[in-house]
Amino acid sequence: MSHHPSPILDELRAMAVFATVVRSGSFAAGARALGLTRAVVSHHIRVLETKLGVPLAQRSTRSFSLTPAGEAFRVHCERLLDEAHDGIRGMELLRAEPRGEVRITCSHHFGNKRILPALLEFRRRYPAIRLHVAMNDANVDLVQQGIELAVRAGPLADSDLIARRLVREPTLLCAAPAYLRRYRAPMSVAELDQHRWVIYPPSLRSVSVSLDGASIDVPVQGDLVTDSAASRLAFVLAGEGIARLPAYDAAAPIASGDLVRVLPDVETAPLEIFLVHGRRIGPSARLLRDFLLDDTSAGDAVDPQPGVA
């Protein structure tokens with residue numbers, strides 16, 4: 001019985017050739033970079049164009065330019081090539097003791113609770129990798145700050161970043177017993193907008209709740225607005241208002257009686273925390289990325305991208 005090579009192998013090879021030609025700027029330069037003849041390079045591009053049913057490039061003896069379809073397809077081909085190169089570099093790094101430096105940023109509150117313990121375990125496993133940890137609640141520009149990995153939550157449209165889900169944390173509506181004694185616990189969703197809220201983040205205008213399958217946006221108002229998740233928790237514990245809290249903040253105070261769950265039959269959207277990075281990161285950053293994803297038993301690639309935690 002004869003075995004024929006899978007067509008996908010030819011297509012993957014042709015995609016790598018196409019990405020190299022694009023980056024080199026011409027068929028001739030791409031052929032030199034790959035150690036192939038120009039005729040072989042042209043053949044690979046034609047294979048792709050035949051498979052896709054559209055022209056990818058306009059070429060002549062002196063010029064080379066991408067068609068709109070070629071521009072769109074280039075992104076996928078370059079990503080494939082980069083992942084292959086990074087994978088090889090990562091394995092080369094693992095053959096010896098992994099070393100290098102990784103710059104990572106996360107919010108103070110979630111970072112202290114979940115990320116720092118994982119980073120300490122990573123350090124025990126890879127002591128030659130130097131970590132630069134920036135604890136920052138603000139939304140920072142990764143490229144400008146030279147940061148390779150960021151732990152973030154909430155929506156952010158940024159097509160230049162890749163996001164992988166770290167945590168999907170349940171959230172609860174909570175208040176302190178002292179607050180509920182002063183203002184009476186809400187008995188229905190309709191009463192929530194009559195209460196004081198601890199507002200975090202500062203841009204928060206409403207909280208989405210779900211009851212019996214129906215989604216309701218509840219307007220929020222309050223005298224305390226903060227850009228810190230730790231401050232939000234402290235203000236709620238002090239009886240300053242109601243807040244939507246992640247379970248990792250709410251569980252222990254509820255168990256001790258310091259907080260009470262408000263409207264326990266009402267569901268709120270989970271808090272999704274993502275690990276965000278650029279299209280290309282170094283081997284040490286890839287190692288830390290994979291370690292954190294394994295540590296949280298998560299890792300779905302997500303678009304659109306998230307914002308800062």
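Hi everyone. Let me start with a term: a residue is buried when its relative accessible area is under 20%, exposed when over 50%, and partly exposed in between, using a 1.4 Å probe and protein chains only. By that rule C174 is buried, at 0% relative accessibility, and C77 is buried too, also with a relative accessible area of 0%.

A word on where this comes from. This is a predicted model, in which local features need pLDDT of at least 70, side-chain atom pairs count only at pLDDT 80 or more, and totals for chains, interfaces and linings use all residues. Residues are numbered from 1 along each chain as its sequence is written, and side-chain values use heavy atoms, with hydrogens and water left out.

How many disulfides does the structure hold? The count is 0, taking a disulfide as a pair of cysteine sulfur atoms within 2.5 Å.

Now the aromatic rings. Rings of Phe, Tyr and Trp (its six-membered ring) pair if their centres lie within 6.5 Å; planes under 30 degrees apart count as stacked, over 60 as edge-to-face and the rest as tilted. The whole structure has 5 aromatic pairs. One of them joins F122 and Y126, tilted at 50° between the planes and 4.9 Å centre to centre. F122 is buried at 0%, and Y126 is buried at 16%. Ring pairs also bring F291 into a cluster with F122 and Y126.

Last, a sheet. Strands are DSSP runs of E, at least two residues, numbered from the N terminus, and two of them pair if DSSP finds at least two bridges between them. Here, 3 strands make an open antiparallel sheet in the order β10-β9-β14. Its edge strands are β10 (214–219) and β14 (267–268). Strand β9 (residues 206–211) pairs with β10 over 6 bridges, and S208 sits opposite D217 in β10.

Key:
Helices (H or I, at least four residues) and strands (E, at least two) are DSSP runs, numbered from the N terminus.
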